[in-house]
Amino acid sequence: MESMVKQIEALLDEKVRPILEEHGGNITIQSLEHQILKVRLTGKCFGCPAAHSTNEELITYEVQSAFPTIQDVVLVEEINPELLDMAHKILGHQS
């Protein structure tokens, strides 16, 4: 399974990251379990209104084209707890 993650990373480097980088974004793999790939968009792509379209039209297409055994690519949109704590601290100090 770990070698498949490395192969997917290589595919993302070649086919997906260059496009995301044009928009100030990137992608990280969160997990690969039971042929479900979970990814997170980062940078300016995180939280973008077009994120779901990007996942369906770019990421899922490229991954499933190269790895037909991958059943689904799920976009994880949870907020990093450290980032949330930082936001609370900043907002708590505003007057």
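1. Glu9, Asp13 and Arg17 are linked in a network of salt bridges (a side-chain nitrogen of Lys or Arg within 4 Å of a carboxyl oxygen of Asp or Glu). The count by this rule is two. This is a predicted model, in which local features need pLDDT of at least 70 and side-chain atom pairs count only at pLDDT 80 or more, while totals for chains, interfaces and linings use all residues. Residues are numbered from 1 along each chain as its sequence is written, and side-chain values use heavy atoms, with hydrogens and water left out.

2. Arg17 takes part in both pairs: its closest N and O atoms are 2.5 Å apart with Asp13 and 2.8 Å apart with Glu9. Arg17 and Asp13 lie four residues apart, about one turn, in helix H1 (residues 2–21) (helices are DSSP runs of H or I, at least four residues, numbered from the N terminus).

3. Arg17 is buried, at 10% relative accessible area (buried is under 20%, exposed over 50%, partly exposed in between; 1.4 Å probe, protein chains only). Glu9, at 26%, is partly exposed, and Asp13 is also partly exposed, at 47%.

4. The largest pocket holds about 160 Å³ of space (a pocket is an open set of points on a 1 Å grid over the protein atoms alone, where a 1.4 Å probe fits, with protein on both sides within 12 Å along at least five of seven lines; lining residues have an atom within 4 Å of a point). The volume is the space filled by probe spheres set on the points.

5. H2 (51–66) and H1 each supply at least two lining residues; H2 gives the most, three. The lining includes His23, Lys44 and Thr54.
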